[in-house]
Amino acid sequence: MSAHQAPLSYIIVGAGVFGVSTALHLKSQQPDAEVALIDRHDPVAHTRDAASWDWNKVVRADYRDITYCRLALEAQDEWRTNSLWSSFYHEAGIYWISRSGFAQQVIDNFKTLGRDAELYALPVREARELYNGIFDSADYEGIDKVLINKTSGWAAARDALQAGIIQAMNIGVHYIRAEVDLIKLDAEGQCIGVRAADGNTFTANRTILCTGAFTPTILEKTANHTSCDALRPQDRMIAAGVTTGLVTFDDETAKSFRDMPVCIQENPTRRGPSNGTLPPNKWNEIKFWGQSIFQFPQGTPALSRPPSGPEYDQWQVPEALIADVAVANEATFGERGTDWKIHNHRICWDCVTPSEDFIISQHPASAGLYIATCGSFHGWKFLPVIGKYVVQMLEGTLESSLEQKWAWDRPIPSTRGKEWPRHDLRDFLGST
């Protein structure tokens, strides 16, 4: 930047994983820049209606895709060593029940990347005996081997995200509580900022949408408002939901699960890509997630978006989706979990792409508008590092393979990935 050039100004919309990480890396690398982080929740809100807020999340580098394996290993290094994140990270390991040859693909990726790990594939008979046999009654139909990775784990999601927000504010990021409802374009179609639901406007040289499941809605609404059809998401992304729930153990039961790893279970395959559970947290709670991923088409033309009620009606869970979480318990623990009471059911909304790749890209329809979102139900673990790559995109230094992988205008695959919703929330609502 030349001596007479004014610092750039940035608006980041959305204080989730992509937004908070971007704010941290952007302000750290461009300390003179004006960086505003806008979100409709208070910075220390007890709950948030987005995928980034949760009790806990899986942190793993177990990927078929070697690019995400590499990036997740980088993120894990930060989880282990960076004082901002390390207190929230628990390296409990992972126990992955898959019938697709997944275990060997992960082992091969680690080897290719030159990373040593306590990582192996065990026949089911041997795997059942691990961890005091807590998974001996799991559903192993069609399973040859189980992936064991002692270097995977989980993180306290809500606490880590809040720590990131506070750190961003400490280094000079301006946090603004506002509900953004429209992107502002000038007469030439260039993005100049955003408008809030109360009519206030916020302007900057560059606007970055890190808006998760709300992204299709704000793009569609702005396209309608400005008659700029090229802004529309079309088939590039979809708002999708999945259901979670908690079981609270008594102290005695919690002791027997103290060394439990994360368990990801791909059976029963007819319901969706996977269900699973995370180990007890400090409140003796284990979390399950269900297997049914769903959309919620609304309006004309129909566009999937979260419900319009307070906090996306995330706590209003239909009985059919409560049952979906119960299936996760049964598939993982069998009769062992029969008497456990699952509570605090919640619908978690994210934005999913057909390939399950993120979108980190300039929007070609409007100069000054950038997209950094679409976690596709696997983005949370990248909280410590994903902002670095967003900044590289903004600066034009992102490696070409990632630029192509995360581009707005990349080819849309004819076959959608496993996280693309198979179900419609409307089909479940009669069971509330």
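The model is predicted. Helix α6 covers residues 215–226, strand β24 holds D424, and F428 lies in the segment after β24.

**The second largest pocket**

- Sorted by class, the lining of the second largest pocket is made up of six nonpolar, five polar and two charged residues.

**Helix α6 and its surroundings**

- Helix α6 consists of twelve residues and spans 16 Å from its first C-alpha to its last, which is close to the 16 Å expected at 1.5 Å a residue.
- Several residues of α6 are buried, namely T215, P216, T217, I218, L219, E220, T222 and A223.
- The buried residues of α6 pack against a set of strands made up of β10 (180–185), β13 (206–209), β14 (238–248), β20 (303–304), β21 (342–352) and β23 (369–373).
- Just after α6, the backbone of S227 adopts a positive phi of about 60 degrees.

**D424 in strand β24**

- D424 belongs to strand β24, which runs over residues 423–424, and D424 counts as buried because its relative accessible area, 13%, is under 20%.
- The side chain of D424 is joined to the side chain of R426 by a polar contact of 2.6 Å.
- When neighbours within four places in sequence are left aside, the residues in contact with D424 are F294, Q295, F296 and P297.

**F428 after strand β24**

- F428 is found in the segment that follows β24, and with a relative accessible area of 13% F428 is buried.
- Leaving aside neighbours within four places in sequence, F428 is in contact with F294, P318, A320, L321 and H423, while F294 is also among the residues in contact with D424.
- Between F428 and I264 there are 164 residues of separation in sequence and 24 Å in space, taken from C-alpha to C-alpha.

**Backbone features in the loops**

- Most residues other than glycine have a negative phi, and most peptide bonds are trans.
- N132, although it is not a glycine, has a positive phi of about 60 degrees, and N132 sits in the loop between α4 (124–127) and β7 (145–149).
- N132 is classed as exposed because its relative accessible area of 70% is over 50%.
- N284, another residue other than glycine, has a positive phi near 60 degrees, and its place is in the loop between β16 and β17 (285–289).
- N284 counts as buried because its relative accessibility of 18% is under 20%.
- N267 and P268 are joined by a cis peptide bond with an omega of about -5 degrees, and P268 lies in the loop between β15 (262–265) and β16 (275–278).

Methods
Residues are numbered from 1 along each chain as its sequence is written. This is a predicted model: local features need pLDDT of at least 70, side-chain atom pairs count only at pLDDT 80 or more; totals for chains, interfaces and linings use all residues. Side-chain values use heavy atoms; hydrogens and water are left out. Ala, Val, Leu, Ile, Met, Phe, Trp, Tyr, Cys and Pro count as nonpolar, Asp, Glu, Lys and Arg as charged, and the others, Gly among them, as polar. Helices (H or I, at least four residues) and strands (E, at least two) are DSSP runs, numbered from the N terminus. Buried means under 20% relative accessible area, exposed over 50%, partly exposed in between (1.4 Å probe, protein chains only). A polar contact is a pair of N or O atoms within 3.5 Å; within protein, one must be able to donate a hydrogen and the other to accept it, and residues adjacent in sequence count only if both atoms are side-chain atoms. Contact means heavy atoms within 4.5 Å. The expected span of a helix is 1.5 Å times one less than its number of residues.
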